[in-house]
Amino acid sequence: MSDANVRIPEEARDRLAAVAAAEGLSLRAYLARLAETVLTPAERAERADQAKAALHAWTGYNPTAGEDAALDDELDRRLAQVQRP
């Protein structure tokens, strides 16, 4: 199935159309603009590597793999707390 044939539920389509209209865009233009902001996993990884290199150059901060994992675990824990009802 091509992207042009993808169907979304009417309620979602109508809500997206309303958001697009509020920004002065057609639904098609809004979705096209939104799609341009989505990064591939490879692009996200590349940006993360660039950010780490910049942080290291600026502050000297260079976490080990274990420190990265600990920070990821802490972030997951905090997100879980926020998402609880």
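Guide: This is a predicted model. Helix α1 has 13 residues, and from its first C-alpha to its last it reaches 18 Å.

Visitor: What is the span of α1 set against?

Guide: The value expected at 1.5 Å a residue is 18 Å, and the span of α1 is close to that. After α1 comes Gly24, whose phi is positive, near 75 degrees.

Visitor: How do you know that the span of α3 agrees with its number of residues?

Guide: Helix α3 covers residues 41-59, which is 19 residues. The expected span is 1.5 Å times one less than the number of residues. For α3 that gives 27 Å, and its end C-alpha atoms are 27 Å apart, so the two agree. Gly60 follows α3, with a positive phi near 85 degrees.

Visitor: Which pattern does the protein chain follow along the sequence?

Guide: The pattern is α-α-α-α. The protein chain has four helices and zero strands.

Visitor: Why is α1 called roughly perpendicular to α2?

Guide: Helix α1 (residues 10-22) and helix α2 (residues 27-36) pack at an angle of about 85 degrees, and their axes are 8 Å apart. Angles of 65 to 115 degrees count as roughly perpendicular. The angle lies in that range, so α1 is roughly perpendicular to α2.

Visitor: Which residues make the contact between these helices?

Guide: From α1 they are Arg13, Leu16, Ala17, Val19 and Ala20; from α2 they are Leu27, Tyr30 and Leu31. Sorted by class, the contact has seven nonpolar residues, no polar ones and one charged residue.

Visitor: Why is Asp68 called partly exposed?

Guide: Buried means under 20% relative accessible area and exposed means over 50%, with partly exposed in between. Asp68 has 23% relative accessibility, so it counts as partly exposed. Asp68 is found in helix α4, residues 65-83.

Visitor: What does Asp68 touch, leaving out residues up to four places away in sequence?

Guide: Asp68 touches Lys52 and Pro63. Ile8 is 60 residues from Asp68 along the chain, and their C-alpha atoms are separated by 38 Å.

Visitor: What radius of gyration would a compact globule of 85 residues have, and what does the protein chain have?

Guide: The globule would have a radius near 12 Å, but the protein chain has 20 Å. Its C-alpha atoms fill a box of roughly 50 × 35 × 30 Å along the principal axes. Of the 85 residues in the protein chain, 4% are buried.

Methods: Residues are numbered from 1 along each chain as its sequence is written. This is a predicted model: local features need pLDDT of at least 70, side-chain atom pairs count only at pLDDT 80 or more; totals for chains, interfaces and linings use all residues. Side-chain values use heavy atoms; hydrogens and water are left out. Axes are lines fitted to C-alpha atoms, for helices over the stretch in contact, and angles run from 0 to 180 degrees between N-to-C directions. Helices (H or I, at least four residues) and strands (E, at least two) are DSSP runs, numbered from the N terminus. Angles under 35 degrees count as roughly parallel, over 145 as roughly antiparallel, 65 to 115 as roughly perpendicular and the rest as oblique. Contact means heavy atoms within 4.5 Å. Ala, Val, Leu, Ile, Met, Phe, Trp, Tyr, Cys and Pro count as nonpolar, Asp, Glu, Lys and Arg as charged, and the others, Gly among them, as polar. The radius of gyration is taken over C-alpha atoms; the globule rule is 2.2 Å times the number of residues to the power 0.38. Buried means under 20% relative accessible area, exposed over 50%, partly exposed in between (1.4 Å probe, protein chains only).
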